[in-house]
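Have the structure open while you read.

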Amino acid sequence: MKVSLLRCDSYEEATQILKNALKNFADLFRPGDTVLVKPNMLSARRPEEAVTTHPAIVRAVLSFLKEIRCNAMVADSPASGNFQRIAEKTGMKDVCEEFDVPIFELDQPVPVNGEVYKKINIDRRIFEVDKIVNVAKLKTHSQMVLTLAVKNTFGCVPGLEKSGWHMRCGTNENFAALLVDIHKLVKPTLNIVDGVVGMEGNGPANGKIKRFGVIALSTDGFTLDFVLCKRMSVDPLIIYTVRESLERGLIVDHDVEGDWTSRIELPVTAPVLPVPEALRSLARRLARSPRISRTKCVRCRICEERCPAKAIDIDRLKIDYEKCIKCYVCHEVCPQGAISLVRRIF
């Protein structure tokens with residue numbers, strides 16, 4: 001199995017670089033295949049904000065699929081906001097119109113069973129298409145530390161179902177097990193990670209923009225994530241999804257094509273070392289907590305609506321820390337960057 005790391009310094013050249021590389025994967029597809037392209041469309045943010053998959057990357061994928069006579073479509077289930085507005089703001093609507101392909105929200109759940117978790121609602125069309133191309137964004141993530149190929153398939157879970165899973169899983173380790181289950185169920189034919197420009201620090205929406213200069217491809221998302229960690233000098237064992245993948249034996253023998261390396265500033269919530277199981281309860285109690293900024297908050301109530309634990313009261317600008325499960329969904333969905341992650345003194 002091969003992981004390709006393509007050096008790419010700008011989105012002006014990304015479309016052609018990726019199209020050329022995709023020719024090596026043409027034998028994965030057949031003329032007439034229906035192919036669902038699943039980008040990261042987290043929220044209504046402009047492409048240059050590095051929150052979502054850049055439309056230049058999706059353009060390359062759609063152009064490639066058109067040339068090999070596949071029937072493409074683009075879909076995702078964003079964390080918050082109106083889907084049509086998100087499609088417009090992220091540039092996805094324009095690129096889909098350019099290639100005359102449908103774009104839609106993944107909002108038609110059917111229950112399926114994972115290896116660890118049962119009755120996971122995933123959009124039915126995931127199982128009706130012939131192939132899936134998973135197009136992720138290289139970013140940090142305050143809960144999972146990094147969000148790459150495996151985490152991106154969580155977007156196949158419709159809408160508010162996502163919040164419920166944070167409550168059901170409870171811990172980062174359990175949530176990582178869910179994400180690995182979902183990725184195994186979705187079974188992308190091809191995984192692509194847009195790292196031309198990504199995000200470091202306290203991502204996935206309010207971190208620091210960084211030019212990583214890479215597009216990564218592989219048929220195996222678990223191994224792709226592992227390789228990216230190694231090439232960024234990040235211990236795979238502190239990335240919850242990668243650690244879960246390693247424990248399940250999902251990282252396969254592989255060759256890496258490309259000499260790309262980089263560094264990434266991890267979120268303040270990232271563990272310094274892998275946390276032994278015996279200490280996980282203590283580590284969770286000591287983990288950082290969200291705090292609402294009185295000066296930045298515009299009372300849009302998105303965090304209050306999306307909080308799985310119903311721990312946020314925007315009228316009072318308060319968080320009930322007895323209820324808070326430290327999933328950091330509030331930090332992820334806040335469009336103003338008004339929620340910080342702090343050490344609390346008890």
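This is a predicted model: local features need pLDDT of at least 70, side-chain atom pairs count only at pLDDT 80 or more; totals for chains, interfaces and linings use all residues.

Let's start with the cores. The largest nonpolar core is made up of 57 residues. Leu36, Ile120, Ile122, Leu178, Val193, Leu228 and Met232 have the most contacts inside it. Helix 7 (residues 172-186) gives this core its largest share, nine residues. There's also a second, separate core with 42 residues, including Ala14, Ala56, Val196 and Val197.

Back to Val193: leaving aside residues up to four places away in sequence, Val193 touches Ala136, Lys137, Leu138, Leu148, Ala149, Val214, Ile215, Ala216, Leu224 and Leu228.

Now for two single residues. Is Thr147 buried or exposed? Thr147 has a relative accessible area of 4%, so it counts as buried, the cut-off being under 20%. Leu286 comes out as exposed because its 53% is over the 50% mark.

| Residue | Relative accessible area | Class |
|---|---|---|
| Thr147 | 4% | buried |
| Leu286 | 53% | exposed |

Thr147 belongs to strand 8 (residues 145-147). With residues up to four places away in sequence not counted, its contacts are Lys137, Leu138, Lys139, Thr140, His141, Asn152 and Pro204.

Leu286, for its part, is in helix 10 (residues 280-286).

Key. Residues are numbered from 1 along each chain as its sequence is written. Side-chain values use heavy atoms; hydrogens and water are left out. Helices (H or I, at least four residues) and strands (E, at least two) are DSSP runs, numbered from the N terminus. Buried means under 20% relative accessible area, exposed over 50%, partly exposed in between (1.4 Å probe, protein chains only). Contact means heavy atoms within 4.5 Å. A nonpolar core is a set of buried Ala, Val, Leu, Ile, Met, Phe, Trp, Tyr and Cys residues joined through side-chain atoms within 4.5 Å.
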